[in-house]
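Please read them with the model open.

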Amino acid sequence: MADTDIYKTLNQPRPWSNLNAFQSDPLLGDLTRSLGKPLREEFDAIGRYVTSPDAQELAQMANTSLPQLKTHGPAGERLDVVSFHPAWHALMRRSMASGLHSLLWEPPRDADSKSKAHKLRAVRVFLTAQLECGHLEPLSSTSASLAVLAAAPQLRDEWAPKILSRKYDSTNRAQNQKASATVGLAIAEKQAGSDMRALATKAHRVSEGVYRLSGHKWFVSAPMSDAFIMLADVDGKPGCFLVPRLLDEGRGNALRYQRLKDKLGLRSNAAAEVEFSDAFGFLLGPPDGGLRTILDMLTLMRLDSAVIASGLMRAAVAEATHAARGRKVAGRTLVVQPLMMRVLADLALDVAAAGALSFRLAESFDRARDSAEEAAYARVMTPVTKYWTTKIAPAVVAEAMEAMGGNGFVEDRPIARHYRDAPGLAMHDGGGNLMALDLRRVVEHGGELFEAVFQVIARDLGASGGKIVELLRAAMALCKSDESAARIFVEQLALAAGAAELYRLGAGRIADAFLETRLAAGWRSTYGMLDTRFDPSYIVELLFPEVD
Ligand SMILES: Cc1cc2nc3c(=O)[nH]c(=O)nc-3n(C[C@H](O)[C@H](O)[C@H](O)COP(=O)(O)OP(=O)(O)OC[C@H]3O[C@@H](n4cnc5c(N)ncnc54)[C@H](O)[C@@H]3O)c2cc1C
């Protein structure tokens, strides 16, 4: 080797950038083929943006220059503000301009936007998650907040124009003085997160619809939101409230930020511990019906979590496959080495099924109003899809990292951040056990909804449908008689519905491989277990084609 060779970078993959996350994804190609040109052009632009070096630098900066809390000003006055790096604001500005927080509620601009609002927004969220997940949290809660604001039409009329504005406004002013408003969620408390009936925060009625809230919240993401949807105890029952951060005159609403969480991931977004005494809250829905009222918001956020987790996995495996194409070991690129190819193919199957399932769920939200079958699918498959996609994400990303060798473990590349972000997606808006218990509640309320879902699955699975639905019925019976078996039913439903959707999309060979290795095969708990009947090179090249 000549002296100068040590200064050359040899045998390293080029950076995973400028690869167009939309054009390189065959699932998105299938899902959007029938759409008009303007929509496809918009997706194409997002696909280019999310893998551009500029956008990736913003994502990295927003996650390394972390939000800072200022509780007090120089004269000792309360400030309770969190300052974010300009990169965070740049991400928020761009995503709000493309309507991630507002698209579901805007007047549709064409027939597709009307009939496929959830699905088309999901495409944008899926692509944006491949860039940065932290800033998607406030956009998800802001979008979902309009579902609960519907319970108080006067409040909705006052807040909706600001919430729907696409002009990001991060100034620290009351919403009536701003161009736009974002909304966060404040449920979890120190003594109770999942258990929403054990709230310590109390709400006392002042006048019709107006309450004063005292207590604390333990994990408030996006603490600079203009308002929070909050649960508080009203005479022993949870009520749901809109709690502005600042009051109309610009005065603080008694929300005292104690500290920011030092989170593992999703670090670009702050999460605060908050205490408050006599903060104003405006009632949403009946005073004793908070759990019912907030459910619509949580349901929308759970769909988002599934879509985000699916996008995150897509980004991780795309990056790993790209790296394996650009790295040689023992004279051959990694991607053609049989064992690596098998690992990547096995990962690719889960990524494909997760994406297919998430978009199928979004479609059921679009069609639920006109079809009882789709409404049943949406109800049953929300906890199932949220459970499975967010639960497999950490394992998928970890395996993808390992495929990149030591490079995967270093913060220079996005995949290390994806790894830290992945587990958080499962935890917020209801962890795995809560999703399983939610599904069990549907089982306990009678089987009719499942009959509709089983029919969908059996129809799309084709020949193997009958046998698989029999297995699902057995798992459902077990889930009904034994709470601790609920996860078994959730997972089987996810796998069966994932395969069914892959068949419906026409990805027969991918669906065969997924079905055989996930539902029909013997033991497995790691990746690379694809059996020899399935061609790993076909799977990888189809699902993660090489792009220039
Ligand atoms: C990244 C991130 C962002 C978040 N953002 C917000 C936010 O903006 N607003 C907000 O209010 N909260 C937020 N949270 C908090 C989140 O809502 C809570 O962590 C969650 O509700 C669980 O509550 P907990 O932490 O008190 O856990 P616990 O309620 O103590 O639960 C602990 C574990 O037990 C499981 N469990 C609960 N009940 C049962 C049962 N009956 N049987 C079996 N298992 C059970 C849970 O699934 C969980 O895994 C966020 C959390 C994360 C990680």
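1. By class, 10 nonpolar, five polar and one charged residues form the shell around the ligand. Ala, Val, Leu, Ile, Met, Phe, Trp, Tyr, Cys and Pro count as nonpolar, Asp, Glu, Lys and Arg as charged, and the others, Gly among them, as polar.

2. This is a predicted model: local features need pLDDT of at least 70, side-chain atom pairs count only at pLDDT 80 or more, and totals for chains, interfaces and linings use all residues. Residues are numbered from 1 along each chain as its sequence is written, and side-chain values use heavy atoms, without hydrogens and water.

3. The ligand is surrounded by 16 residues, each with a heavy atom within 4 Å of it. Leu185, Ile187, Ala188, Ser194 and Ser221 are the closest.

4. Look at the polar contacts (pairs of N or O atoms within 3.5 Å). A polar backbone atom of Ile187 is 2.7 Å from an oxygen atom of the ligand. For Ala188, a polar backbone atom is 2.8 Å from a ligand oxygen atom. Gly193 has a backbone N or O atom 3.1 Å from an oxygen atom of the ligand.

5. Which domains give residues to the shell around the ligand? Domain 2 (170–289) and domain 3 (298–543) both do, so the ligand lies between them. Domain bounds come from an automatic or database domain assignment.

Conventions: Polar contact = N/O pair within 3.5 Å; in protein donor to acceptor, adjacent residues only side chain to side chain.
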